[in-house]
Amino acid sequence: MIETDHLSFHYEEEPILQDVTLTIKTGEFIAIFGPNGGGKTTFLKLLMGFLKPTQGSIRTDVDRPEMGYVPQLASFDKQFPISALEVVMMGALSYPVSQAKKMARTALERVGLAGKEKMAFGSLSGGQAQRALIARAIVSHPKILFLDEPTANIDPEAQQLIDQLLTELKGKMTIIMVTHNLPSVIKKVDRLLCVQRQITPFSPEGLCEHFALGLYHPPLMRSP
Amino acid sequence: MLHTFLWMALLAGFAASVTSGIIGSYVVVKRIVFISGSIAHSVLGGMGLCLWLKRVYGIDWMTPIQGALLAALVSAFLIGWIHLKYRQREDTVIAAIWSTGMAIGVIFIALTPGYNVEMMNFLFGNILWISHGDLWMLLGLDVIVVATTLIFHRKFLAVCFDEDQASLQGMHVNGVYMTLLALVAVSTVILIQVVGAILVIAMLAIPAAIAGHFTQRLSKMMAISVLLSCLFTFIGVLTSYQLNWPPGATIALIAALFYGGLFIKRSTCQ
């Protein structure tokens, strides 16, 4: 469970998030959406403890090593000399090397990347690299999985594979995912949070009604 | 037959290559070449101070290399602290440390009486000047660098690739980052004896940058980088002997020529 109490975050003088109070229950699947620069990634980083709130507080019953994180793929250096297996092993740093290797192989199999262990991370396709990052996040069986736009800039086939993977993970852990691709997640999430300096929660049904009234969100309008 | 001093120079060069290959690989993949340049140039302040204290106050046990080590570690700590606390202004502050270190060095050199040939050797390198004691010190520092790398490689790799993930795993990222910078500082001092403070960044960055083109594994990159560094030292020392050129600059130039050649070859092949 995660609880935020009147949470605010300012970057220098610029307010990014203001007065956010909400509770995320254990096992919930949450989608976070909102305009670019609205504070989605900042909110995620606050929940994971990478940033400290300017005001208010965050409480959770989960330790940081029990959290898995899939950052945006664009933040990685494609030229970094590292294999897919080594990337996934980084999700199991507290385990001895031999055990971490075994766990990483299992996680790669789980995301459909068996046989790609020795491939350079930089030479994987966008969808494969994203799945390797998901494998890294789930390799040590986290209680909360955070994902920051895992389906951005990847082909539809890879998107489908990731959607399928998230469906499999649903219920096994709390999932909090930033996404612009609402149509693909709206059916499987328990709740949606619109982040635009403040946070407005929606149920999937409520969001559809909201959209029906014309209070649309542009990414949803691009849906097929 | 090679002269004894040439053998000594080659041995010193090979010892320095172990360090430059391993630490240079971390420097290149972590993209902290600019930080390493700042550490390398700020050592001038420490060397100048020690030489001044030695000459003016007669503190004989002080040597420029001790000052270099102290200045390198202090600037590594300062830069690391700035990186961790004030990331937005990092490049400006690193440039300030770079120039401040050099400015302090220049002032102390000016205040130090006599002709500072010793200082010139540390600035531009003179591998032919290596004594048995220096060689043992180089090998000792090699052992420290290799042992620290063997112990911390998994942690260094994690911090170089993704600091956030390492932090989430409960790793003391700041401590590991500081240890890495301290190793860069120690390596800088080792390399100063071979190529000099001004050219040290070439030996840290160029062999590793070339090695990066031939492998997708960091451990292999380190091994290739060590071999390349040995090769550049070998060619550089022999060329400088034949042409009567400064050895440090010749080694750096040979490395740069290889890098330039590779760059041109890659550009024409694409």
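This is a predicted model: local features need pLDDT of at least 70, side-chain atom pairs count only at pLDDT 80 or more; totals for chains, interfaces and linings use all residues.
Begin by selecting A:L7 and, in β2 of chain A, A:V20: these two residues stand opposite each other.

**The hairpin**

β1(A) and β2(A) run antiparallel and are joined by seven bridges. Together they form a hairpin, with two residues between the strands. Select A:E12 in that turn; its phi is positive, at about 50°.

**The open sheet**

The three strands make an open sheet in the order β2-β1-β4, with antiparallel pairing. At the edges stand β2 (14-24) and β4 (55-60) of chain A; each has a single partner strand, so one side of each is left without a neighbour in the sheet. From one strand to the next, the twist averages 20°.

The other pairing in this sheet deserves a selection of its own. Strand β1 of chain A, residues 2-11, is joined to β4(A) by five bridges, and the two run antiparallel. Two places along this pairing may be highlighted:

- A:I2, which stands opposite A:T60 in β4(A).
- A:S8, whose bridge partner in β4(A) is A:Q55.

**The helix on the sheet**

Next, select residues 40-48 of chain A, which form helix α1. This helix packs on the sheet and touches β1, β2 and β4 of chain A. Its direction makes about 125° with that of β1(A).

**A buried strand**

Move to residues 174-178 of chain A, which form strand β7. Are the faces of this strand covered or open? Both are covered: A:T174, A:I176 and A:V178 lie on one side, A:I175 and A:M177 on the other, and all are buried. In a regular strand, the side chains alternate between the two faces of the sheet. Five of the five residues of β7(A) are buried, so the strand is largely enclosed by the rest of the structure.

Which strands pair with β7(A)? Strand β3 of chain A (residues 29-33) pairs with β7(A) in the parallel sense over four bridges. Within this pairing, A:I30 has A:I176 as its bridge partner. Strand β6 of chain A (residues 144-148) also runs parallel to β7(A), and five bridges join the two. Here, select A:L147 together with A:M177, its bridge partner in β7(A).

**Chain A as a whole**

Zoom out to show the complete chain. Chain A contains eight helices and nine strands. Its radius of gyration is 18 Å, close to the 17 Å that the globule rule gives for 224 residues, so chain A is as compact as a globular protein of that length. Along the principal axes, its C-alpha atoms fill a box of roughly 50 × 40 × 35 Å. Of its 224 residues, 41% count as buried. Among contacts in chain A between residues at least 6 apart in sequence, 70% join residues at least 24 apart.

**Across to chain B**

Display both chains. Their contact takes 17 residues from chain A and 17 residues from chain B. The side of chain A that touches chain B has 12 nonpolar, four polar and one charged residues.

Finish within chain B, by selecting helix α1 (residues 4-29) and helix α10 (residues 218-243). These helices pack at an angle of about 145°, with their axes 7 Å apart. The crossing of α1(B) and α10(B) is right-handed. Their contact has 15 nonpolar, nine polar and no charged residues.

Terms used. Residues are numbered from 1 along each chain as its sequence is written. Chains are lettered from A and ligands numbered from 1 in the order in which they are written. Two residues are in contact if their C-beta atoms, placed from the backbone, lie within 7 Å. Ala, Val, Leu, Ile, Met, Phe, Trp, Tyr, Cys and Pro count as nonpolar, Asp, Glu, Lys and Arg as charged, and the others, Gly among them, as polar. The radius of gyration is taken over C-alpha atoms; the globule rule is 2.2 Å times the number of residues to the power 0.38. A residue is buried if 20 or more other C-beta atoms lie within 10 Å of its own, exposed if 12 or fewer, and partly exposed in between; C-beta atoms are placed from the backbone. Axes are lines fitted to C-alpha atoms, for helices over the stretch in contact, and angles run from 0 to 180 degrees between N-to-C directions. A crossing is left-handed if the near helix is turned anticlockwise from the far one by less than a right angle, and right-handed if clockwise. Two strands pair if DSSP finds at least two bridges between them.
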